[in-house]
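Have a look at the structure below, and then let us go through it together. Each answer sets a value beside the definition it is judged by.

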Amino acid sequence: MMNNFNWNVRVYYEDTDAGGIVFYANYLKFFERARTEWLRATGIHQQEMTQAHQVMFVVKASTVEYHAPARLDDELRITAVVEKLGRASIVFAQEAWCGERLLASGKIKVGCVGTESLRPAVIPDVVAEKISA
């Protein structure tokens, strides 16, 4: 598995609240984008996976702890690490950093579901192999 995937993002005005601090829910957006870029880096394209295998990933659970604020124009480093690969789910540990300062940390559990049924489905072997490689 890829260790400690990093993705950079700049904080824009739209990401902040009235106090000029990143709105707490936007960290979930940043985490989502980093996971998507991690999938691309492993050779997994979600649209292709959906078309070829009739499955998709959905967030089943998330917990986030906030440590320090990010502000307008900060450049953030968002990390993603696979903690556990199950038959039908992946647990990610994710963090948001500004330089050496930890801003937020979270655990995100992503489930694989059938596109029609939206019921749990086994992660296709070819996808699981790329995640494990």
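Q: Why does Arg-35 count as buried?
A: Buried means under 20% relative accessible area, exposed means over 50%, and partly exposed lies in between (1.4 Å probe, protein chains only). Arg-35 has 6% relative accessibility, so Arg-35 counts as buried. Please keep in mind that this is a predicted model, in which local features need pLDDT of at least 70 and side-chain atom pairs count only at pLDDT 80 or more, while totals for chains, interfaces and linings use all residues. Residues are numbered from 1 along each chain as its sequence is written, and side-chain values use heavy atoms, with hydrogens and water left out.

Q: What makes the contact of Glu-32 and Arg-35 a salt bridge?
A: A salt bridge is a side-chain nitrogen of Lys or Arg within 4 Å of a carboxyl oxygen of Asp or Glu. For Glu-32 and Arg-35 the distance from N to O is 2.5 Å, so the pair meets the rule. By this rule the count comes to 4 salt bridges. As background, side chains of opposite charge can pair when their charged atoms come close.

Q: How far apart are Glu-32 and Arg-35 in helix H1?
A: They are 3 residues apart in helix H1 (residues 26-41), so about one helical turn separates them. Helices (H or I, at least four residues) and strands (E, at least two) are DSSP runs, numbered from the N terminus.

Q: Which residue forms a salt bridge with Arg-40?
A: The partner is Glu-37, and the closest N and O atoms are 2.7 Å apart. Both residues lie in helix H1, 3 residues apart, about one turn of the helix. Arg-40 has a relative accessible area of 44% and is therefore partly exposed, and Glu-37 counts as partly exposed at 26%.

Q: What are the closest N and O atoms of Lys-107 and Glu-83 apart?
A: They are 2.3 Å apart, and the two residues form a salt bridge. This pair links distant parts of the chain, with Lys-107 in strand S5 and Glu-83 in strand S3, 24 residues apart. Lys-107 counts as partly exposed at 36% relative accessibility, and Glu-83 is partly exposed at 46%.

Q: How do you know that strand S4 is largely enclosed by the rest of the structure?
A: Of the 10 residues of S4 (residues 89-98), 9 are buried, so the strand is largely enclosed.

Q: What joins strand S3 to S4?
A: Two strands pair if DSSP finds at least two bridges between them. Strand S3 (residues 75-85) and S4 run antiparallel and are joined by 8 bridges, so they pair by this rule. Val-82 stands opposite Phe-92 in S4, and the hairpin of S3 and S4 has 3 residues between the strands.

Q: How many bridges pair S4 and strand S5?
A: There are 10 bridges between S4 and S5 (residues 101-114), in the antiparallel sense.

Q: What is the order of the strands in the open sheet?
A: The 5 strands follow the order S1-S3-S4-S5-S2, with antiparallel pairing. Strand S1 (5-10) and strand S2 (55-66) each have a single partner strand, so they stand at the edges and one side of each is left without a neighbour in the sheet.

Q: Which residues touch the most other members of the largest nonpolar core?
A: They are Tyr-27, Phe-57, Leu-76, Ile-78 and Leu-103, out of 34 residues in this core. A nonpolar core is a set of buried Ala, Val, Leu, Ile, Met, Phe, Trp, Tyr and Cys residues joined through side-chain atoms within 4.5 Å. The largest share, 6 residues, comes from H1.

Q: Why is Thr-79 called buried?
A: Its relative accessible area is 3%, so Thr-79 falls on the buried side. Thr-79 is found in strand S3. Leaving aside neighbours within four places in sequence, Thr-79 is in contact (heavy atoms within 4.5 Å) with residues including Asn-4, Phe-5, Ala-93 and Trp-97.
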